[in-house]
Amino acid sequence: MAGLVSFMGGDLAIDLGTANTLIYVKGQGIVINEPSIVARSLTTGKVIAVGNEAKDMLGKTHHDIETIRPLRDGVIADFEMADGMLNGFLNKLKMSKLSRPKMVICIPTGITEVEKRAVKDSAERRNAREVYLIEEPIAAAIGIGIDISQPVGSMIVDIGGGTTEIAVIALNGIVTKESIRIAGDEMDEAIIQYFKREHNLLIGERTAEQIKCTVGSAMPAEDVMISVKGRNMVAGIPKTIEISSSEIREALKDTVDLIVDAVKQSLERTPPELSSDLLDRGIILAGGGASLKGLDQRMRLETDLPVNVAEEPLLAIVRGTGLVLDDLERFKDVLY
Ligand code: ADP
Ligand code: MG
């Protein structure tokens with residue numbers, strides 16, 4: 001019988017993010033942490049790569065390959081590719097055909113009932129024995145270690161790639177929630193536009209993201225100089241320019257302001273009894289965008305509340321989803 005066990009494959013917790021997909025296998029930990037990208041052939045329509053391999057094709061694709069981020073804006077724009085992506089990631093796990101794992105899948109709060117059904121169907125087609133869905137801010141809260149069954153309110157701000165999800169959680173539920181399509185991608189785009197406008201320089205998405213992660217900030221900080229490679233728009237030739245990090249802060253300003261404003265609006269809509277909880281508990285930032293330098297400081301300044309960044313903010317959601325998988329009975333009220 002011992003042999004059979006290895007055939008079973010573990011139960012799975014999946015964070016299906018707009019930018020990154022993470023998979024936790026019960027008993028093993030996080031085994032997949034890759035971009036939510038699919039590459040498909042334009043002639044056959046078939047998925048040819050997902051995750052890291054697909055990202056490597058981004059922006060360098062030849063005429064027959066197209067790269068897609070099926071959840072880019074926090075909605076499932078392309079069901080077939082979303083299905084293909086989940087399928088591709090599950091294939092990477094090399095699960096046995098005989099295994100019937102339980103799956104808890106974390107989804108953005110903005111997705112519709114039809115989209116939820118599609119995610120469940122997709123998992124069921126992959127032999128899932130039971131599939132549960134959980135909303136991102138709840139998974140984030142659990143991952144951060146908040147006891148969400150308490151009648152005490154907590155505000156989670158999850159800044160991902162395509163969406164920022166703002167939620168006040170108490171008593172196992174979302175009291176107020178808001179999902180805006182302004183997050184990491186929008187910051188990258190703002191940097192691209194800035195270089196076009198101010199320096200006549202065309203830079204790619206990956207370059208913009210790198211600049212954001214290394215020198216981007218939401219608060220004035222010590223200036224550093226960086227050199228940026230791109231293509232001069234006038235001469236059409238490659239060019240390197242030196243700029244100061246304060247220019248990047250300037251480029252990011254509008255996007256950061258929109259996120260801060262959305263948080264302030266959510267605070268205004270929070271019922272008064274929970275608002276007072278927030279004075280003690282403050283706001284917790286999660287998701288990759290929480291790592292933007294100075295963002296916590298900026299939020300503190302604007303809201304007068306304590307603001308903390310989750311430990312390893314990129315992992316908080318899958319950790320929370322994993323904790324739910326490990327104790328489905330305890331968390332049944334927050335699952336779909
Ligand atoms: P999602 O849940 O939507 O898949 P993630 O939580 O995985 O998104 O976060 C991805 C986003 O976080 C990307 O836009 C990425 O550029 C951004 N990000 C990652 N690290 C940093 C950093 N150090 N500073 C700013 N943004 C970051
Ligand atoms: Mg996420």
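## Loops, helix packing and a few buried residues

Lys94 sits in the loop that links α3 (79-92) to β7 (102-107); helices here are DSSP runs of H or I with at least four residues, strands are runs of E with at least two, and both are numbered from the N terminus. This is a predicted model, where local features need pLDDT of at least 70, side-chain atom pairs count only at pLDDT 80 or more, and totals for chains, interfaces and linings use all residues. Residues are numbered from 1 along each chain as its sequence is written, chains are lettered from A and ligands numbered from 1 in the order in which they are written, and side-chain values use heavy atoms, with hydrogens and water left out.

Back to Lys94: the residue is not a glycine, yet its phi is positive, at about 50°. With 71% relative accessibility, Lys94 counts as exposed (exposed means over 50% relative accessible area, buried under 20%, partly exposed in between, using a 1.4 Å probe and protein chains only). Asn172 is another non-glycine with a positive phi, about 65°, and its place is the loop between β10 (164-170) and β11 (173-180).

The table lists four of them.

| Residue | Relative accessibility |
|---|---|
| Tyr194 | 7% |
| Phe195 | 0% |
| Ser266 | 1% |
| Thr163 | 4% |

Thr163 belongs to the loop between β9 (154-159) and β10. In sequence, Thr163 and Arg181 are 18 residues apart, but their C-alpha atoms are 4.4 Å apart in space. Leaving out residues up to four places away in sequence, Thr163 touches Thr18, Asp73, Gly74, Asp158, Ser179, Ile180, Arg181, Ile182 and Ala183, where contact means heavy atoms within 4.5 Å.

Tyr194 and Phe195 turn up again as an aromatic pair. The model has 1 aromatic pair by the rule used here: rings of Phe, Tyr and Trp (its six-membered ring) pair if their centres lie within 6.5 Å, with planes under 30 degrees apart counted as stacked, over 60 as edge-to-face and the rest as tilted. The Tyr194 and Phe195 rings are edge-to-face, 6.1 Å centre to centre with 85° between the planes.

Ser266 is part of helix α8. Its contacts, again without residues up to four places away in sequence, are Met155, Ile166 and Glu178.

Helix α8 (residues 245-269) also meets helix α10 (residues 295-303): the axes come within 11 Å and cross at roughly 45°. Axes are lines fitted to C-alpha atoms, for helices over the stretch in contact, and angles run from 0 to 180 degrees between N-to-C directions. α8 and α10 are therefore oblique to each other; under 35 degrees counts as roughly parallel, over 145 as roughly antiparallel, 65 to 115 as roughly perpendicular and the rest as oblique. On the α8 side the contact uses Val256, Asp257, Ile259, Val260, Val263, Lys264 and Leu267, and on the α10 side Leu295, Arg298, Met299, Glu302 and Thr303. Sorted by class, that contact has 7 nonpolar, 1 polar and 4 charged residues (Ala, Val, Leu, Ile, Met, Phe, Trp, Tyr, Cys and Pro count as nonpolar, Asp, Glu, Lys and Arg as charged, and the others, Gly among them, as polar).

Then there's helix α5 (residues 136-144), which packs with helix α11 (residues 316-326) at an angle of about 85°, axes 7 Å apart. That makes α5 roughly perpendicular to α11. The α5 residues in the contact are Glu136, Ala139, Ala140, Ile142, Gly143 and Ile144, while α11 brings Ala316, Ile317, Arg319, Gly320, Thr321, Leu323 and Val324. By class, the contact of α5 with α11 has 8 nonpolar, 3 polar and 2 charged residues.
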